[in-house]
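Good morning, and thank you for the time on today's agenda.

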Amino acid sequence: MLKSTRFVLALLLLWSFPAQATTEEQTQSLEKMGQLNGIALGCRYFDQVKAIKKALVQALPKRRELGRTFEAVTDQTYREFVASKAACPSAEAFAADLEAAIQRLNQNFSPELQSPDK
């Protein structure tokens, strides 16, 4: 009984810590993508929403906390955008901002920056 209790406690401790940390630059680039996704949803720029999702799938390691961060920022930005009744950026300006954000995401999550055990 004591052995199984220790095992369960050890599992809970391991589960409570994130498996891998992200750098500040990685977090910022991921949050930027979430912000752009929230605005794209609010402006009905659905082609850009698809481009954002594609870029994330291609660049990010498969980690639940990254998806949670992206979704939380998307949700917050969308809600704030709709509540503020802000004007949508022009499609051209949004596309340029998105292109820069995707390049930054790719740089920050490039395979060279990933540790070999990922």
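Let me begin with the contacts. Among contacts in the protein chain between residues at least 6 apart in sequence, 82% join residues at least 24 apart. Please keep in mind that this is a predicted model.

As for the secondary structure, the protein chain has five helices and zero strands. Read from the N terminus, the order of elements is α-α-α-α-α. The chain has 118 residues, of which 29% count as buried. Its accessible surface comes to about 8300 Å², and carbon and sulfur atoms account for 60% of that.

I turn next to the interior. In soluble globular proteins, nonpolar side chains tend to be buried together. Here, the largest nonpolar core has 21 residues, and those that touch the most other members are Met33, Ile52, Leu56, Leu60, Leu98 and Leu105. Helices α2, α3, α4 and α5 each contribute at least two residues to this core; α3 covers residues 46-59.

Which residues does Ile52 contact, once its neighbours within four places in sequence are left aside? They are Met33, Leu36, Asn37, Phe70 and Leu98.

Leu36 deserves a moment of its own. This residue lies in helix α2, and its relative accessibility is 2%, so Leu36 counts as buried, the cut-off being under 20%. Again leaving aside neighbours within four places in sequence, Leu36 is in contact with Ile52, Phe94, Asp97, Leu98 and Ala101.

Is Asn108 buried or exposed? Its relative accessibility is 14%, and Asn108 therefore counts as buried. Asn108 is placed in helix α5, and its side chain reaches the backbone oxygen of Glu25 at 3.3 Å.

The structure holds one disulfide, which joins Cys43 to Cys88 with an S to S distance of 2.2 Å. The pair links distant parts of the chain, 45 residues apart. Cys43 belongs to helix α2, which spans residues 24-43, whereas Cys88 sits in the loop between α4, residues 64-84, and α5, residues 91-108.

Why is this disulfide called left-handed? The torsion about the S-S bond of Cys43 and Cys88 is about -110°, and the disulfide is left-handed for that reason. As to accessibility, Cys43 counts as buried at 11%, whereas Cys88 is partly exposed, with a relative accessible area of 39%.

Arg44 is in the loop between α2 and α3, and its phi is near 60°, a positive value in a residue other than glycine. With a relative accessibility of 63%, Arg44 counts as exposed. Lys85 lies in the loop between α4 and α5. Its phi is near 55°, again a positive value in a residue other than glycine, and Lys85 is exposed, with a relative accessible area of 73%.

Thank you for your attention.

Technical notes
Residues are numbered from 1 along each chain as its sequence is written. This is a predicted model: local features need pLDDT of at least 70, side-chain atom pairs count only at pLDDT 80 or more; totals for chains, interfaces and linings use all residues. Side-chain values use heavy atoms; hydrogens and water are left out. A disulfide is a pair of cysteine sulfur atoms within 2.5 Å. Helices (H or I, at least four residues) and strands (E, at least two) are DSSP runs, numbered from the N terminus. Buried means under 20% relative accessible area, exposed over 50%, partly exposed in between (1.4 Å probe, protein chains only). A nonpolar core is a set of buried Ala, Val, Leu, Ile, Met, Phe, Trp, Tyr and Cys residues joined through side-chain atoms within 4.5 Å. Contact means heavy atoms within 4.5 Å. A polar contact is a pair of N or O atoms within 3.5 Å; within protein, one must be able to donate a hydrogen and the other to accept it, and residues adjacent in sequence count only if both atoms are side-chain atoms. Accessible areas come from the Shrake-Rupley method with a 1.4 Å probe; for residues, only the protein chains shown count as cover.
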